[in-house]
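Here is a short report on selected helices and salt bridges. Have the structure open as you read.

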Amino acid sequence: HESLVRSPMCLAARLRPAGKAVSAAPSAAPSAAAPSAAAPPPRRHSLERAFGVLLSVNFLVFWAVPIFGMGQAYHLGLKHVLRPLYDRLDRSAALRRFAAAYVYNKPAHADFAATAVLTFLSTTVAFGVALRYQLVHGHLPWALHAAYNCAWVGIGGRMMGSAYTFAHKEGHNGVLYQRWVRRTVGNLFENWVGLLYGNVPYNFTTSHNHIHHALDGGKGDTFYCYDLDRSSLSDFMLYQRRIFLHMAGLSSLRYFRLRGMHKQERLLARGCAIFWLAFPLPLLLLTRSPWFLCVVWLQPLCAMSFFLALVNWAFHAFIELDASGRHLPHVNALTILDGQDDNFGEDDHMAHHYENPIAHARSRHDAWRARIMPELKANRASIFKEISIVELGILTLLGQFERIAERHYVDFSGELSTAQVAEMLRRRARTKESTHEEYLAWEAETEAALLASPPPKDD
């Protein structure tokens with residue numbers, strides 16, 4: 001990430017943690033650290049938790065049934081009918097030739113074509129049907145609202161998963177598409193389709209790349225979670241506000257402004273203007289229905305905020321610190337092998353952070369894992385099998401480490417018993433770099449220092 005660093009000493013000073021992180025070393029016996037005494041949470045924390053509770057209740061009421069129902073419908077039967085049809089489209093030589101010749105910059109990216117076409121068509125048709133009904137009849141009935149949510153999720157969750165995946169990949173790869181696509185349409189899923197999936201345009205291009213990956217989930221990241229217990233429902237309620245502010249673009253805008261990263265700030269500010277003004281206001285004037293706007297614009301933002309909070313909570317659930325307090329990279333980002341819901345390599349979050357953020361070929365990830373196998377064994381890396389990232393997040397939140405250890409953890413060393421693995425995972429999930437209060441104080445001190453000594457402009 002050298003391109004992000006304008007002044008290495010200045011950046012190091014801005015990101016330096018306050019205090020010393022405490023964790024057992026990798027070779028220590030797997031036992032959880034004793035909880036530290038803390039003052040009763042201030043009113044701010046109560047409000048943050050209340051916000052998390054509201055997002056959770058909203059998710060359970062409006063989205064849990066469509067997501068669970070569409071997932072089960074696929075896995076319990078529809079996959080036997082739909083998968084052969086999809087495979088036939090995916091293997092279409094004509095589609096792949098067209099995609100490689102006219103859409104994508106590299107032939108390998110034609111792998112995305114079939115799923116991208118289906119996701120785009122499903123999203124636009126569902127939105128078009130809902131909009132036409134609203135314009136003709138002047139309202140959106142509950143049955144159509146439910147049907148829209150189901151279409152938004154997609155069979156097996158494929159539409160919401162693919163809309164996120166392609167926005168993610170577009171944000172990482174500025175030359176994913178051929179020049180004519182980049183100059184006319186731009187990032188189709190990040191900046192257009194994403195408006196219906198709660199995504200602020202340019203959020204991946206800016207904040208995901210220049211904050212989350214620049215810091216690899218460390219202090220200062222708008223997705224940071226190591227001041228919280230990842231096995232605590234109460235702490236997860238706190239975490240949701242942090243993710244909502246990221247999704248809304250607000251915390252990332254502040255991050256860029258304070259650090260003089262004005263190119264990223266301007267680009268994300270344009271995305272915020274589109275998401276918060278240019279898209280919803282004309283839609284409201286056209287439909288004259290705040291409820292319709294809530295269904296197709298605000299509800300997806302709330303749903304994806306909760307969902308991505310849970311996903312990131314799982315992807316970075318575990319942490320191990322070395323003797324100097326630094327993260328072990330093969331622990332703080334995980335890999336899932338043979339997951340049923342993997343979407344173009346998204347299950348290998350470890351390789352995504354520490355090998356290549358734009359690669360999607362499983363063979364490449366497997367080869368990288370083989371090369372670093374001694375480190376994976378020595379550090380008891382965070383590698384799991386035959387589970388979805390959502391299931392892993394839920395099991396972690398519920399403290400079901402014995403079940404994770406028995407059924408899903410991959411111990412390449414072959415030295416640990418199931419009970420030892422469970423205790424190791426429990427300790428890693430509960431390890432913090434600081435308390436929540438200490439992290440908020442560090443944030444405030446960092447921001448005060450940046451305001452007192454503004455960095456030079458990056459352009």
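## Ground rules

Buried means under 20% relative accessible area; exposed means over 50%, and partly exposed lies in between. This is a predicted model.

## Helix α3: a kinked helix

Helix α3 covers residues 64–90. A straight helix of 27 residues would span 39 Å, yet the end C-alpha atoms of α3 span only 29 Å. α3 has a kink of about 90°, centred on Leu 78.

Which residues of α3 are buried? They are Pro 66, Met 70, Gly 71, Tyr 74, Tyr 86, Asp 87 and Asp 90. Their cover includes α2 (43–62), α4 (93–103), α5 (113–137), α6 (142–153) and α7 (158–172).

Val 81 lies in α3. Its relative accessible area is 52%, so Val 81 counts as exposed.

Asp 90 is in helix α3. With a relative accessible area of 18%, Asp 90 falls under the 20% cut-off and is therefore buried. Leaving aside neighbours within four places in sequence, Asp 90 contacts Arg 96, Asp 111 and Ala 114. Salt bridges link Asp 90, Arg 96 and Asp 111 in a network.

What span should the 12 residues of α6 have? At 1.5 Å a residue, they should span 16 Å. The end C-alpha atoms of α6 are 17 Å apart, which agrees.

The buried residues of α6 are Leu 144, His 145, Tyr 148, Asn 149, Trp 152 and Val 153. They pack against α2, α3, α5, α7 and α15 (290–315). Just after α6, Gly 154 takes a positive phi of about 85°.

## Leu 376 in helix α19

Leu 376 lies in α19, residues 373–379. Is Leu 376 buried or exposed? It is buried, at 2% relative accessibility. Beyond its neighbours within four places in sequence, Leu 376 touches His 330, Met 350, Arg 369, Ala 381 and Ile 383. Pro 329 is 47 residues away along the chain, and its C-alpha atom is 9.9 Å from that of Leu 376.

## Salt bridges

The model has 20 salt bridges. One of them joins Glu 346 and Lys 169, at 3.5 Å from N to O. Glu 346 sits in the loop between β1 (335–337) and α17 (349–354), and Lys 169 sits in helix α7, so the pair ties together parts 177 residues apart in sequence. Both partners are buried: Glu 346 has a relative accessible area of 14%, and Lys 169 is at 9% relative accessibility.

Glu 415 and Arg 380 form another salt bridge, with their closest N and O atoms 2.9 Å apart. This pair links distant parts of the chain, 35 residues apart. Glu 415 is in the loop between α21 (401–407) and α22 (418–430). Arg 380 is in the loop between α19 and β2 (383–385). Glu 415 is exposed, at 57% relative accessible area, whereas Arg 380 is buried, at 19%.

Arg 257 and Glu 265 also form a salt bridge; the closest N and O atoms are 3.0 Å apart. Arg 257 is partly exposed, at 45% relative accessibility. Glu 265 is buried, with a relative accessible area of 15%.

Conventions:
Residues are numbered from 1 along each chain as its sequence is written. This is a predicted model: local features need pLDDT of at least 70, side-chain atom pairs count only at pLDDT 80 or more; totals for chains, interfaces and linings use all residues. Side-chain values use heavy atoms; hydrogens and water are left out. Helices (H or I, at least four residues) and strands (E, at least two) are DSSP runs, numbered from the N terminus. The expected span of a helix is 1.5 Å times one less than its number of residues. The bend at a residue is the angle between axes fitted to the seven residues ending there and the seven starting there. Buried means under 20% relative accessible area, exposed over 50%, partly exposed in between (1.4 Å probe, protein chains only). Contact means heavy atoms within 4.5 Å. A salt bridge is a side-chain nitrogen of Lys or Arg within 4 Å of a carboxyl oxygen of Asp or Glu.
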